[in-house]
Amino acid sequence: MTGVLSLRIDFPGGRIGPGKIALLEAIAREGSISAAGRALGMSYRRAWELVGSLNALMGTPVVAAATGGAGGGGARLTAAGERLVAEYREIERVARSATEGRVAGLVGNGA
């Protein structure tokens, strides 16, 4: 059995973790909040709620959305959103690198 480090960063106004970062990555990939939600198996409403909570937590929009209509809408990450994803993934990479031997040693050692 191998453990996997999962990183969550708590702030006074909320938290950022793997689910929200995956949503931002899906928005960047899919080009819309609804398509990103579908790709992750979550409702459009839930995806919008998470985007709203991230925008509020960061104090600046991390996603820019265009309203739908005949030409369709869409969404993209702002520079702040791209920076958030990149920084989170780098923090995650460093944390995993620093803890990989210790996490693997937890199981079967009576810890």
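Residues are numbered from 1 along each chain as its sequence is written, and side-chain values use heavy atoms, with hydrogens and water left out. Because the model is predicted, local features need pLDDT of at least 70 and side-chain atom pairs count only at pLDDT 80 or more, while totals for chains, interfaces and linings use all residues.

**Helix 1 and the core**

Helices (H or I, at least four residues) and strands (E, at least two) are DSSP runs, numbered from the N terminus. Helix 1 covers 18–30. Its 13 residues should span 18 Å at 1.5 Å a residue, and the end C-alpha atoms are 18 Å apart, which agrees; the expected span is 1.5 Å times one less than the number of residues. After helix 1 comes G31, with a positive phi near 85°.

Buried means under 20% relative accessible area, exposed over 50%, and partly exposed in between (1.4 Å probe, protein chains only). K20, I21, L23, L24, A26 and I27 are the buried residues of helix 1. They pack against strand 2 (14–16), helix 2, helix 3, strand 3 (63–66), strand 4 and helix 4, where contact means heavy atoms within 4.5 Å.

A nonpolar core is a set of buried Ala, Val, Leu, Ile, Met, Phe, Trp, Tyr and Cys residues joined through side-chain atoms within 4.5 Å. The largest one has 20 residues, and I21, L23, L24, I27, I33, V63 and L84 have the most contacts inside it. At least two residues of this core come from each of helix 1, helix 2 (33–40), helix 3 (44–58), strand 4 (74–77) and helix 4. Helix 1 gives the most, with five residues.

Leaving out residues up to four places away in sequence, L23 touches A36, G37, L40, M42, A47, L50 and V51. M42 lies in the loop between helix 2 and helix 3. With neighbours within four places set aside, M42 is in contact with L23, G37, A47 and L50.

**The largest pocket**

A pocket is defined on a 1 Å grid over the protein atoms alone, as an open set of points where a 1.4 Å probe fits, with protein on both sides within 12 Å along at least five of seven lines; lining residues have an atom within 4 Å of a point. Grid points are joined across faces, edges and corners, and a volume is the space filled by probe spheres set on the points. The largest pocket has a volume of about 160 Å³.

Its lining consists of I9, F11, I16, M58, T60, A80, R83, L84, E87, Y88 and I91. Helix 4 gives the most to this lining, with six residues; strand 1 (9–11) and helix 4 (79–106) each supply at least two. By class, the lining has eight nonpolar, one polar and two charged residues. Ala, Val, Leu, Ile, Met, Phe, Trp, Tyr, Cys and Pro count as nonpolar, Asp, Glu, Lys and Arg as charged, and the others, Gly among them, as polar.

A80 is buried, with a relative accessible area of 14%, whereas I91 is partly exposed at 40%. Not counting residues up to four places away in sequence, A80 touches T60, P61 and V62, and I91 touches L7 and I9.

**C-alpha distances**

| Pair | Separation in sequence | C-alpha distance |
|---|---|---|
| R46 and S34 | twelve residues | 9.7 Å |
| M42 and G73 | 31 residues | 19 Å |
| A80 and G41 | 39 residues | 25 Å |
| I91 and A79 | twelve residues | 18 Å |

R46 lies in helix 3 and is partly exposed, with a relative accessible area of 42%.
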